[in-house]
Amino acid sequence: MADFIKNPVVDLLDRNPEPVFSGKDLSFSKDEKAQIMKWVSSYPSKEGAVMHGLWLAQEKFGFLPPEVIQLVADEIGMPYADTYGVATFYTQYFKEKKGDYVLDVCTCFSCQLCGGYDILHYLEDKLGIHKGETTADGMFTIQEAECLGACGSAPMLQVTNGPYVNHLTPEKIDALVDALRDGKMPEFESVTLPQDEDELGGNRRTDVSLTPTYGVCPVSETLS
Amino acid sequence: MPTITIDNQNYEFEGRPRLLQFCLDNGVDLPHFCYHPSMSAPANCRQCLVDVGMPQMNRETRESNLDDDGNPIIQFMPKLQTSCSMDMTDGMVVKTHCSSDAVVRAQKDTLEFLLINHPLDCPICDQAGHCPLQNQAYKHGPESSRFEFQKVHKPKHVDLGPNVVLDAERCINCTRCIRFTSEISKSNQLTIIERGVKNYPMTPPGIEFDDPYSMNVIDICPVGALTSKEHRFGARVWEMSKTASISTVGSKGSNCYYWVKDNQIMKVTPRTNMSVNEYWLSDEERLDCDRFNKNRPTGPTVENAEVSWEMAYKAASDCLTGIDGSRALFVGSAYATVEDNYLLTKLATAVGAPTPVYLAHVEEGHADGWLKTDDRAPNSQGCERLGLHAADVKELKARITGGEVDVLYVLEDDIVAAGVCTAKQLKKVKVILHHYHTTNQTLPAADVALPAAMAVETVGSFVNGDLRAQRLRPAKSIAGVNRTLSMEIGKCRADAHGTPFDKWYNESNLVNCQPGWVSIPEIASRLGHEMQYKGPRNIMAELAESDSGFTGATYEAMGEFGVSLEPIGVTA
Ligand code: SF4
Ligand code: FES
Ligand code: FES
């Protein structure tokens with residue numbers, strides 16, 4: 001966002017991109033169709049199934065070019081335009097091909113204050129790409145994300161719509177990238193907040209040994 | 001009856017109206033952007049905020065609690081409410097900006113937010129002058145902005161489709177255009193893409209905004225984000241006059257405004273008539289401008305040589321003098337008004353000719369069950385009611401080519417283009433033609449050609465396909481002086497363009513033509529048949545009296561929105 005504030009330009013989308021998938025490749029299997037129909041029938045209106053449908057398509061095709069979004073829309077029976085609007089709203093839906101690992105670095109308020117941009121820039125320097133780009137070997141994509149709901153452990157990032165990596169430091173980034181290069185996804189990490197413990201009557205969660213609850217929050221270098 | 005108190009004034013109401021609409025209907029001018037009466041209310045612009053409360057109830061007694069002065073205590077909602085999405089209930093108390101500082105403040109702050117990324121290019125924007133954002137910013141907005149940073153730059157001059165151009169920077173994301181395509185035209189071609197500060201309305205990839213009703217989004221857009229490709233930068237609103245009339249591309253008779261600058265039709269926009277076109281116009285109706293401006297004749301001709309009107313009338317009456325009435329063919333016109341066709345039938349009777357026929361202009365498959373109709377002429381029903389019937393083209397052709405016709409009188413139509421005969425085949429026939437355009441293919445064969453005033457230049461009535469008689473009003477002037485036309489223009493163009501005495505008066509592009517209700521009586525009187533009418537208003541009054549097909553269709557009754565006529569055959 002900081003770059004966007006300095007140069008706030010929104011480009012026009014490619015209105016007629018070459019399709020990536022076509023013919024037989026561009027279809028859902030019988031099971032997938034049945035699954036989508038099940039979702040459709042479980043909501044008061046069929047549009048309710050759109051997020052599920054897009055997610056299923058992304059798992060299948062890896063990303064969501066327009067023709068795949070159209071496929072989802074047709075399957076659900078809702079307008080393509082609306083489906084497209086939903087898909088572009090979320091950074092979690094990939095509209096173009098991404099690397100094997102997508103690193104969504106949060107730079108929203110809390111993370112920004114705690115050094116989200118330091119982390120983003122460190123990562124950019126380390127991988128030699130800018131946010132929105134993919135490394136030449138196709139392994140990593142860096143994205144800038146809005147609040148991912150883990151402000152309590154800011155700054156943080158998410159790996160390919162999966163596990164969160166919390167309380168980021170440059171060292172943690174180094175370790176994360178090395179691990180990912182070795183094909184090791186980070187473990188799920190549970191974070192509880194001090195006030196939770198009080199409210200829960202000292203009832204700490206069983207995985208508490210994994211949580212760095214009382215660590216001191218880092219402070220942004222960019223902002224300080 | 002339930003009552004509501006708005007700014008200390010009580011109103012009664014029925015049903016469950018929406019608060020915003022009720023206020024607007026009752027003259028409380030609440031600012032708003034995203035609300036449109038024909039569509040759902042997503043309440044996303046936040047401009048229509050008001051303070052809403054209900055009398056506090058005593059739980060036990062179910063009576064309202066009273067304050068020390070004995071007035072009911074009003075419990076206001078903790079936050080201001082969007083009036084567009086608020087259903088009214090009995091006893092509700094509402095404070096608008098007229099009586100609440102909090103509302104004034106909210107409206108001002110909302111506008112400041114809306115203007116943060118608005119480019120403020122009003123000096124070059126087509127919407128300036130009739131822009132809800134501009135008007136409301138002046139009325140309710142802050143004097144200036146506190147936003148000192150770069151505004152967001154978004155795609156500009158994007159052709160969404162053949163007729164609509166988007167300037168995404170101006171958009172305030174009210175979603176009216178999107179709701180139009182999803183709820184009204186059902187083409188579902190638009191959506192808001194991206195998120196937050198980066199979002200803008202767009203077609204999804206591979207889709208063109210080619211909805212045949214696409215241009216409606218231009219007027220419902222409360223800013224200048226959507227403009228007409230055709231009209232863009234064509235004229236500022238304050239340079240144009242606007243006349244309430246009806247569209248003439250088909251038999252729907254959609255109510256519209258004609259916008260005129262320098263006696264040229266610049267654009268056509270819808271005029272709300274809930275019985276005909278509601279709030280909408282099709283693109284073909286809106287793009288119907290050039291026809292009125294281009295290829296217009298410069299004056300009457302006899303044997304293709306330009307002459308004075310006097311000489312032309314004389315020549316026309318000469319053609320009709322001493323003829324065998326049964327060998328004269330009068331062709332009325334579904335493009336011409338009821339009045340003109342009526343006078344033509346009178347003229348035909350006067351020279352002993354049979355009742356005129358008219359040429360049908362039907363294009364099968366053009367209709368869409370909404371505003372587009374198969375019948376591409378505006379007044380076929382009017383002709384039918386006058387006893388004119390659609391000509392059998394083959395039969396007409398046989399008569400003309402078979403030498404059964406000596407004199408052919410054509411009112412505002414083109415019988416060569418309609419395929420009845422060729423211009424050559426008319427060589428031996430005397431042809432009198434009232435024409436609109438120099439491109440009229442019957443023109444080369446015309447002995448006397450009389451330029452006719454088009455629907456935007458005349459006074460008259462059309463009967464649409466749904467049997468509604470509606471008035472035409474003159475939007476632009478014609479050459480020469482005509483008191484009836486001047487008076488009507490003065491009456492219906494509530495602007496500064498009406499009279500030759502004001503500074504806007506303009507004589508460019510005046511077409512040298514005459515309405516049928518001027519030229520036909522001129523010819524008739526030279527034949528010794530006086531048609532004593534003070535103008536089309538009297539003609540219609542006579543028809544409303546004497547012809548059961550037009551009962552009640554006086555100008556007064558037709559007014560702005562027209563009157564429904566009884567189906568013929570029922571009364572007749
Ligand atoms: S383009 Fe106009 S109508 Fe459409 S969302 Fe933007 S402001 Fe509203
Ligand atoms: S701001 Fe980063 S997770 Fe909320
Ligand atoms: S008009 Fe009510 S929120 Fe927009």
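Select ligand 1 and the residues around it: by class, this shell holds 10 nonpolar, two polar and one charged residues. Here Ala, Val, Leu, Ile, Met, Phe, Trp, Tyr, Cys and Pro count as nonpolar, Asp, Glu, Lys and Arg as charged, and the others, Gly among them, as polar. The shell comprises 13 residues, of which the closest are B:C171, B:C174, B:T175, B:C177 and B:C221; a residue belongs to it if one of its heavy atoms lies within 4 Å of the ligand.

The model is predicted: local features need pLDDT of at least 70 and side-chain atom pairs count only at pLDDT 80 or more, while totals for chains, interfaces and linings use all residues. Residues are numbered from 1 along each chain as its sequence is written, chains are lettered from A and ligands numbered from 1 in the order in which they are written, and side-chain values use heavy atoms, with hydrogens and water left out.

Next, display chain B as a whole. Its secondary structure comes to 15 helices and 25 strands, taken as DSSP runs (helices H or I, at least four residues; strands E, at least two) and numbered from the N terminus. The C-alpha trace of chain B spans about 95 × 55 × 50 Å along its principal axes. Of the 572 residues in chain B, 55% are buried (buried means under 20% relative accessible area, exposed over 50%, partly exposed in between, with a 1.4 Å probe and protein chains only).

Within chain B, select B:W259 and B:K267. B:K267 lies over the face of B:W259, at 4.8 Å from the ring centre; the criterion is NZ of Lys or CZ of Arg within 6 Å of the ring centre and within 35 degrees of the ring normal.

Now turn to the aromatic rings. The whole structure contains 17 aromatic pairs over all chains (rings of Phe, Tyr and Trp, its six-membered ring, with centres within 6.5 Å; planes under 30 degrees apart are stacked, over 60 edge-to-face, the rest tilted). Select A:F21 and A:F63, a tilted pair with 5.8 Å centre to centre and 45° between the planes. A:F21 lies in the loop between α1 (2-6) and α2 (30-41) of chain A, and A:F63 in the loop between α3 (50-61) and α4 (66-76), so the pair ties together parts that are 42 residues apart in sequence. Both A:F21 and A:F63 are buried.

The charged end of A:K60 sits over the ring of A:F61, 5.5 Å from its centre.
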